[in-house]
Amino acid sequence: METATVAQRKVPRPRADALRNRERIVAAGREMFVEFGAEVPLDEIARRAGIGNATLYRNFPDRAALQREVVCSVMDRVSEQVEQMLAETGDAFEALSRFVHASADERIGALCPMLSEAFDANHPDLVASRERVEELIATLMGRARNAGQLRPDVAVGDLMIAISQLTRPLPGTACPNMDRFVHRHLQLFLDGLRAPARSELPGAAATMEDLRRA
């Protein structure tokens, strides 16, 4: 049986400048999706990234591909942050609080409008990033709960709904500077998560599966 030659087996590595261009497109896409919404023209994203339209389409053949990469990149950055916090010792609830504030800086809520019916939520890349971040957040919450610091009647879904709602831009042009209140309101929310609970929550805790079925 003949074996493949080294040349045949070798997979070409992307050039450094090609990788930089891709990263610039994703960064610009995230910024502009947050600022202008999911339907921002792709040529404007290319202009923000400092590259030509042909380079953008060579990396991302359509809007859905770029939106998927932006969402995956945000989830992957959040996962990396959680991994760092799980590697630390110390106050478990403080680590959870830092995660919530760091997630707000990713503007998760501003990206929610991209998750429309046309968005392929079951794409393998998206599923892998989502499962990774959900498992890590559940572990972070579990550590705070086991330490007796997190009220027992909340789940990952509750946390992510609150972060998404509090970081989603308000409609209209009369509210352009509301972002400066995000971390203040997140801290109010975090105080409500602390154990012992001061009230009984209506309904059942929201899981991520609940959110996917909604």
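Analyst: What follows goes from the overall fold to single helices, the core and a few residues.

User: Fine, what should I know about the model before reading it?

Analyst: This is a predicted model, in which local features need pLDDT of at least 70 and side-chain atom pairs count only at pLDDT 80 or more, while totals for chains, interfaces and linings use all residues. Residues are numbered from 1 along each chain as its sequence is written, and side-chain values use heavy atoms, with hydrogens and water left out.

User: And what is the mean pLDDT of the chain?

Analyst: The mean pLDDT (the predictor's confidence in each residue, from 0 to 100) of the protein chain is 84, and 85% of its residues reach 70 or more.

User: How much of it is buried?

Analyst: Of the 214 residues of the protein chain, 40% count as buried, with buried meaning under 20% relative accessible area, exposed over 50% and partly exposed in between (1.4 Å probe, protein chains only).

User: Which residues carry the DNA-binding annotation?

Analyst: The UniProt annotation "DNA-binding region", from an unreviewed entry, covers residues 41-60; UniProt positions are given in the numbering used here, feature names are shortened, and annotations may be inferred rather than shown by experiment. In the model, residues 41-60 are 75% helix and 0% strand, and the end C-alpha atoms of the span lie 14 Å apart.

User: What covers its buried side?

Analyst: The buried residues of α2 include Asn21, Ile25, Val26, Gly29 and Phe33, and what covers the buried residues of this helix includes α3 (42-49), α4 (53-59), α5 (63-87), α6 (92-105) and α7 (108-111). An α-helix has 3.6 residues a turn, so residues three or four places apart point the same way. Gly37 follows α2 and has a positive phi, near 100°.

User: And α8, what does that one pack against?

Analyst: Helix α8 (residues 124-146) has 23 residues and reaches 33 Å from its first C-alpha to its last, close to the 33 Å expected at 1.5 Å a residue. Its buried residues, among them Arg130, Glu134, Ile137 and Met141, pack against α5, α6, α9 and α11 (208-213). Just after α8, Gly148 takes a positive phi of about 75°.

User: Switching to the core, which residues touch the most other members?

Analyst: In the largest nonpolar core, which has 53 residues, Ile45, Leu96, Phe99, Ile137 and Leu159 touch the most other members. Helix α5 gives the most to this core, with ten residues. A nonpolar core here is a set of buried Ala, Val, Leu, Ile, Met, Phe, Trp, Tyr and Cys residues joined through side-chain atoms within 4.5 Å.

User: What is Leu159 in contact with?

Analyst: Leaving aside neighbours within four places in sequence, Leu159 is in contact with Leu96, Phe99, Val100, Ile137, Met141, Phe189 and Leu193.

User: Is Glu106 buried or exposed?

Analyst: Glu106, which lies in the loop between α6 and α7, counts as buried because its relative accessibility is 7%. Not counting residues up to four places away in sequence, Glu106 touches Arg30, Val74, Arg77, Val78, Gln81 and Leu111.

User: And where is Thr167?

Analyst: Thr167 is in the loop between α9 (156-166) and α10 (182-193), and its 2% relative accessibility is why Thr167 counts as buried. Beyond four places in sequence, Thr167 touches Ala104, Arg107, Ile108, Gly109, Ala110 and Val182.

User: Last one, where is the cis peptide bond?

Analyst: A cis peptide bond joins Ala195 and Pro196, with omega about 0°, and Pro196 is in the loop between α10 and α11. Most peptide bonds are trans.

Terms used:
Helices (H or I, at least four residues) and strands (E, at least two) are DSSP runs, numbered from the N terminus. Contact means heavy atoms within 4.5 Å. The expected span of a helix is 1.5 Å times one less than its number of residues.
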